[in-house]
Amino acid sequence: MSITYPAGHVLLRSLTKNYPVISHGKGIELFDQDGKRYLDACGGALVVTLGHGNEELVQGIAQQLSRVAYVNGMQFTSRIMEECADNLAKKAAPLGLDRVALLSSGSEAVEAAIKFARQLCVDRGEPKRTKLITRTPGYHGNTLYALSASGRPHYKKLYGPLLSEVLTVSCPYGYRNPVKDYESQGTDHYIAELEQLLQKEGGDTIFAFIFETISGSSTGAWAPPQDYFQRVSDLCKKHGILMIADEVLCGSGRSGKFFASEHFGLKPDILVLGKGLNSGYMPVSALLVQQKDLDTMKRSSGYFMHAQTYLQAPCMAAAALAALTYIDRNNTLTSGASAASALQQQLRRKIAEHPLVGSVTGTGWLAGVELVKNKETKAPFARAEKVAERFVAHAQDTGIIFWPNVGQANGTDGDLFMIGPPINSSTAVVEELTHRTLQALDSFAV
Ligand SMILES: Cc1ncc(COP(=O)(O)O)c(C=O)c1O
């Protein structure tokens, strides 16, 4: 049984698609009501980090819910919120971040991060800092300012009149860029662009630079060249611009380290988490900041002037803490390292050769595969062919789930799909995933 609009009463995202009805899941597998098995190769929207039906998570959350599910974060804190913040602050100590707020979606955490940065500048006596730098392609969420900050022209088309203006620079994207050698020459190229922008706009008019530490579906999981963030950081410091690391997708262990920033020795001023923070068992996101900046706010405005109903809600803290505790107790990041590197190697060895595949890249448990019309010239398919969407629908028919994205080649064309299995997957799961990805590609009629 599947649901197609107008059946039922759900406001379905697609009004033409068939939606299978999922009954349950276990590990990397999902089962629909007809008993069909799916390999959930991308954790839904790169969310499920610790597998479906994970009893340790379920028990951790249930125990807290039976104590107290909700208190207003404006009036109370709770033992579970304190424990959750302690755990995250301990993990974030090497990054210099030590204060945590919980919210309930990535977009909300991004909005809060942007407001925090702006308020901090005002509280420091620099109200003229009103501009935000973002990167394109890039994605920071679907609420109106997070969407404004997203370098995705096709998402913005309809809402243009409602969006705010932001400044943009190019996002490091190794498959398509003007330099010969991305790793050794890429940084110079992207930094020159940033320097030009700073000169044109005036560094002292900018309050923050927001970026995905490792890109998600906007470029298909491209990481920047290794020295990129050091150079960005030097420039931001020089001009007094705050760095906001959006690790909603690449954080919480997805990249093989808990924070993607750890790969680059990056110490952002503000960092946001979401998605895998609790593996999908409860909506929760996090804003991580530095106590010294809160001290500045305390002396000036008095407090961070932002709150929402679910700020620090115990149910969300329970969900996040259950996942964090699972990772600590099972040493998931270390014990999964060899399976994660097997995933990257196998995808590069077995998938990259396929005639439809232009590039395979990724870090840890995150990977992106770009589909092209011509491997030699990197020419993308025309958007009208809807290759990414058709491939992912075909793969779903064969029983493997990927996350598609489009438009990365030139703002309109470009087809890719994302891979992101649970970070506690075994090498056997990695092998099955690679094998079935190849099968789906082989049986796909472009
Ligand atoms: C990097 C990044 N930031 C922010 C968001 C927004 O998160 P949410 O969809 O939970 O609002 C996403 C979602 O895909 C994301 O990938």
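**Entry 1**

The model is predicted; local features need pLDDT of at least 70, side-chain atom pairs count only at pLDDT 80 or more, and totals for chains, interfaces and linings use all residues. Residues are numbered from 1 along each chain as its sequence is written. Strand β8 (residues 167-170) pairs with β7 in the parallel sense over four bridges. I noted the terms: strands (E, at least two residues) and helices (H or I, at least four) are DSSP runs, numbered from the N terminus, and two strands pair if DSSP finds at least two bridges between them. Strand β7 (residues 131-136) is also joined to strand β9 (residues 206-212), by three bridges, and these two run parallel. Lys 131 has Ile 206 in β9 as its bridge partner. In general, strands of a sheet pair through backbone hydrogen bonds, either parallel or antiparallel.

**Entry 2: the open sheet**

I next examined an open sheet of four strands, in the order β3-β4-β5-β15, with mixed pairing. Its edge strands, β3 (22-26) and β15 (400-401), each pair on one side only. Strand β5 (residues 37-40) runs parallel to β15 and is joined to it by two bridges. Within β15, Ile 401 stands opposite Asp 40.

**Entry 3: Lys 26**

I then turned to Lys 26, which lies in strand β3. Is Lys 26 buried or exposed? Lys 26 is exposed, since 12 other C-beta atoms lie within 10 Å. The cut-offs are 20 or more such atoms for buried and 12 or fewer for exposed, with partly exposed in between; C-beta atoms are placed from the backbone. Leaving aside neighbours within four places in sequence, I found Lys 26 in contact (C-beta atoms, placed from the backbone, within 7 Å) with His 52 and Gly 53. The C-alpha atoms of Lys 26 and Asp 40 are separated by 9.9 Å, the two residues being 14 apart along the chain.

**Entry 4: helix α10**

I checked helix α10 (residues 314-329), whose 16 residues reach 21 Å from first C-alpha to last, close to the expected 22 Å. The expected span is 1.5 Å times one less than the number of residues. Because 13 of its 16 residues are buried, α10 is largely enclosed by the rest of the structure. Just after α10, Asn 331 takes a positive phi of about 50°.

**Entry 5: the ligand**

Finally, I recorded that helix α4 (residues 106-123) gives the most to the shell around the ligand, with three residues.

Terms used: Contact = placed C-beta atoms within 7 Å.
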